[in-house]
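Please keep the sequence and the 3D view at hand while reading.

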Amino acid sequence: MIVRRLGPGDEPVVERLAEQGSSPRLPDLLAGERTIVLAAFERDEPIGFVLAYELLRRHGDASHLFVYEVGVAAGWRRRGVATALFGELERLARSRGIRRAFVLTNAANEPAMRLYDSLGGVRPNDDDVLWELEYRVD
Ligand SMILES: CC(C)(COP(=O)(O)OP(=O)(O)OC[C@H]1O[C@@H](n2cnc3c(N)ncnc32)[C@H](O)[C@@H]1OP(=O)(O)O)[C@@H](O)C(=O)NCCC(=O)NCCS
C-alpha cells in the first residue's frame, strides 16, 4: 500500500473513492495549499482517503488540522489503511510545524471511535456538542 497527497489532476481518484465524489469544486479543493487530501492505493486502486484543513489560529499554535472526512473502501477495512493515512497526515503536519489535529464523529460510530482511540486520540471534553446554523441563500 502507498499513501500520497493528491493534487491537481487527481480529480478522478477522488471521484472513484468518495461518496458524491464528482464535483466541479474538486480542482479548487485539490489545489488548496491548506487543504490536504491523502489517498491510499493498493497497486493503482485507490482504497481510502482523508481530507483535512489546516486552520489558521489567532493565538497559541499558528495552525491546527481539522480532519473533515476519512473513509476506507468497504472491502479494505480493518487492514490498517486508515492508520496509514493518519500516519502520513501526522508526518505532513509535523513537517509544517502543526502539533494538533481534531476530528468530529458520532459516539455510535464504533469503528471511528476505536480508530481515533487506537491512534492515541483523547476526548478533551465529555460534553462537547456540535451545533449547526443554516443560512438561506437566495
Ligand atoms: C472508520 C474507518 C475509516 C476505519 O478505517 P480502517 O482502515 O478499517 O481502520 P484501520 O484498519 O486502520 O483500524 C485501526 C484500528 O481502529 C480500530 N478499528 C477500526 N475499525 C474497527 C471496527 N470495525 N471495529 C472495532 N475496531 C475497529 C481497531 O483498533 C483497529 O486496529 P486493529 O485492526 O489492529 O484492531 C472505516 O471503518 C470507514 O471508512 N468507515 C466508514 C466511514 C466513516 O465512518 N468514517 C469516519 C467518519 S468520522
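Which element gives the most to the shell around the ligand?

The model is predicted, and in it helix H4 gives the most to the shell around the ligand, with six residues. The elements that contribute two or more residues to this shell are strand E4 (63–72), helix H3 (81–95) and helix H4 (110–118).

The ligand has 19 residues around it, and of these Val72, Arg78, Gly80, Thr83 and Asn109 come nearest. Sorted by class, the shell consists of nine nonpolar, six polar and four charged residues.

From a side chain, an N or O atom of Arg77 is 3.4 Å from an oxygen atom of the ligand.

Taken alone, the ligand exposes 930 Å², and the protein buries 73% of that area. The site that holds the ligand is the second largest pocket.

## A residue of helix H4

Ala112 is found in helix H4, the element that gives six residues to the shell around the ligand. Is Ala112 buried or exposed? Ala112 counts as buried because its relative accessible area is 10%, and buried means under 20%.

The C-alpha atoms of Ala112 and Gly71 are separated by 9.7 Å, although these two residues are 41 residues apart along the chain.

Definitions and conventions:
Residues are numbered from 1 along each chain as its sequence is written. This is a predicted model: local features need pLDDT of at least 70, side-chain atom pairs count only at pLDDT 80 or more; totals for chains, interfaces and linings use all residues. Side-chain values use heavy atoms; hydrogens and water are left out. A residue is near a molecule or strand if one of its heavy atoms lies within 4 Å of it. A polar contact is a pair of N or O atoms within 3.5 Å; within protein, one must be able to donate a hydrogen and the other to accept it, and residues adjacent in sequence count only if both atoms are side-chain atoms. Accessible areas come from the Shrake-Rupley method with a 1.4 Å probe; for residues, only the protein chains shown count as cover. On a 1 Å grid over the protein atoms alone, a cavity is a set of points where a 1.4 Å probe fits but cannot get out, and a pocket is an open set with protein on both sides within 12 Å along at least five of seven lines; lining residues have an atom within 4 Å of a point. A molecule sits in a cavity or pocket if more than half of its atoms lie within 2 Å of its grid points. Helices (H or I, at least four residues) and strands (E, at least two) are DSSP runs, numbered from the N terminus. Ala, Val, Leu, Ile, Met, Phe, Trp, Tyr, Cys and Pro count as nonpolar, Asp, Glu, Lys and Arg as charged, and the others, Gly among them, as polar. Buried means under 20% relative accessible area, exposed over 50%, partly exposed in between (1.4 Å probe, protein chains only).
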